[in-house]
Amino acid sequence: MSAGAKKRIMKEYGECMAETPAGMKINFDEQNMTKWEVLMDGPDGSVYAGGHFKLEIIFPNEYPFKPPVVSFRTKIYHPNVSNDDKGSMCLGLLRPDEWKPPNKVVAVLRLIQSLMVEPNIDDAIEPSIANEYKENRKEFEKNAKDWVKRYAK
Amino acid sequence: MDSDDDFNSSQASGDDFLDDQDSDLGLEDDSDFDMDQDDVGFESQDKDMGPRKQAYEVDFKVFDPQQIQGSQDRQIDEVSSILGQPPEATAILLRHLRWNKERLIDRYMDNQEEILESAGLGETAANNPPKISKVAGFVCDICCEDDPSLDTFAMKCGHRFCVECYRQYLYTKIKEEGEAARIRCPGDGCNRIVDSKSLDLLVAEELRDRYHELLTRTYVDDKDNLRWCPAPNCVYAVECGVKNKDLMQIVPTVHCECSHDFCFGCSLNDHQPAPCALVKMWLKKCEDDSETANWISANTKECPKCNSTIEKNGGCNHMTCRKCRHEFCWMCMGVWSEHGTSWYNCNRFEEKSGSEARDAQAKSRMSLERYLHYYNRYANHEQSAKLDKDIYLKTEKKMQQLQNTTGMSWIEVQYLDTASQALQQCRQTLKWTYAFAYYLARNNLTEIFEDNQKDLEMAVENLSEMFEKPVDQLQGLKVDMMDKTSYCTKRRVILLNDTAENLKLGNWEFNVKFS
Ligand SMILES: [Zn+2]
Ligand SMILES: [Zn+2]
Ligand SMILES: [Zn+2]
Ligand SMILES: [Zn+2]
Ligand SMILES: [Zn+2]
Ligand SMILES: [Zn+2]
């Protein structure tokens, strides 16, 4: 990774520290600054409220010309998070064709928070969960809350 | 211009397919940017040069990379002079509207500013060429550098970044993401397209070639009447006027200069007589049912008489058991002697009477049997084509040895090559007749089709069988083999003409709806 990229990540970390969005905590290791661990609270009023989710942010070598890679390390029942051991996300800003180099990680974190409040059904990675969200909201909420209890407490 | 009349009339004269469309590579006669004849590096497979076109053939033309680049440049120049925009801007506008020049001119005349804006060109780009500059107090929003000696760049939109970051951004887009015509400004949320002048200024020599290569690719990608030859490493593109909406009435097989035959509609290998949608559905079905059908295409079977194991090692379906000398058909396991007679029915699936299929289980068993009947034959021709080829290659080798010992000239074995190629082509056609037949609902035309299929199949088996003769006998069979080869080819033309004509007229009835 280039010196420029490192400088940029350091700067972003500084900005995140100065103004951490509510409900998250960032663990940063200067020895391994391309991998951040984020602890995110389920937003109040959402089905994930009361849960604590561990996320991993990996900065690729080409950062910031390529977007960071985000994955949920805590299992979450969500149309935009892959329902496997990877817990990967690939939408909006996180897509290479959408991401622009001036975009910042903090914008990614805000995007994830807003998706926990309202999933993006049109760009779902899990079509069956998206469908349930659309057709049978009660069942979706029950499942999502159930997973919070099981995995995110 | 897209009316159905245009399409139907093509039956009378094949030219109409091309007359109604914007033939940008210069096929039309009245074009004022016609391609010079000298530019054409090779003879196109034009109807003027070959024999009269068959009903199943379509008009097409093959282009090499220089010709593609040339026609692209010509079109840019032409539109550039109409719009009064410089070539760089015109190229962006054309790419922006996917090389639809009529639409571009219309929209430009309609609202110049709007189209320029949406193409990322904003106010006239004619003046003020792009330039690299140093700006006091500048901080690069990508790398966070703020050195006052930093070279910076911005397009008209004003999103300024250091040149290094700009370059890196373009490098990532071009080299790694293969983008060219629609690279947007790196600025957050900015949709302005990076024009070629800016690119030339910023991008290193080695990347510039790649960029222009990608631009040329988008020219072909964007045009409905152009398609890259899908053969690996092939650099040719093919122009053909058949449109997507026509694909239920025509199967547009084209032949690339590299000798690859493919379908202009879907880029798959030649699949005449089956229309693209049928092919797609069939391949999906075969994939879904692959487990049930797998055992079928296995290469060994038991002799129906003595049960000893028999391996198929040539393409021919006429099997003779080594142990008991029983002769039978590999496909239907019936006695071979019955295959030459008029009641030979190996290709047709006999529907059982309705009384047998009253319950659901019986019905599903019957539908599986029906599928397997056709799949079996489809897979067999695919497999046999490979075996035919193997045996031909072996034969060719032996013939060469024979030539060396007997002093036969090279030209005398050419007929083997011709026969082998005809065999491959006919098997490819036969293979798809079975997918076609699977979806065919019976009507008064079905029987003619099945007869044609049977005749071609018999012709193919007869020719295929000759390859299994001992090599030292082959030279004596030359005339016979040439006759059988031309008979195969003739049967193929008859079958394809019949299916193509009726497809064009909408006479086939299918038992499913193709989407
Ligand atoms: Zn920079
Ligand atoms: Zn911009
Ligand atoms: Zn080719
Ligand atoms: Zn096709
Ligand atoms: Zn036997
Ligand atoms: Zn048979």
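Predicted model: local features only at pLDDT ≥ 70, side-chain atom pairs only at ≥ 80, totals over all residues.
**View 1. Four side chains hold the zinc ion (ligand 4) in chain B.** B:Cys263 (SG), B:Cys266 (SG), B:His271 (NE2) and B:Cys276 (SG) coordinate the ion at 2.0 to 2.3 Å; donors are N, O and S atoms within 2.8 Å of the metal (3.2 Å for Na, K and Ca). The arrangement is tetrahedral because the donor atoms subtend angles of 101 to 121°, where the term asks that all angles of four donors lie between 85 and 135 degrees.

**View 2. The donors follow the spacing C-x2-C-x4-H-x4-C.** B:Cys266 sits in the loop between β7 (261–263) and α10 (276–288) of chain B, and B:Cys276 in helix α10, 10 residues apart. Helices (H or I, at least four residues) and strands (E, at least two) are DSSP runs. B:Cys276 is buried at 10% relative accessibility, while B:Cys266 is partly exposed at 26%; buried means under 20%, exposed over 50%, partly exposed in between (1.4 Å probe, protein chains only).

**View 3. Three antiparallel strands of chain B form an open sheet, ordered β1-β5-β4.** Strands pair if DSSP finds at least two bridges between them. β1 (60–63) and β4 (226–228) of chain B each have a single partner strand, so one side of each lacks a neighbour in the sheet. Three bridges join β4(B) to β5 (residues 237–240) of chain B, and B:Arg227 stands opposite B:Val238.

A note on conventions: residues are numbered from 1 along each chain as its sequence is written, with chains lettered from A and ligands numbered from 1 in the order in which they are written. Local features need pLDDT of at least 70, side-chain atom pairs count only at pLDDT 80 or more, and totals for chains, interfaces and linings use all residues, while side-chain values use heavy atoms, leaving out hydrogens and water.

Definitions and conventions. Tetrahedral: all angles 85-135°; square planar, octahedral: opposite > 155°, others 65-115°.
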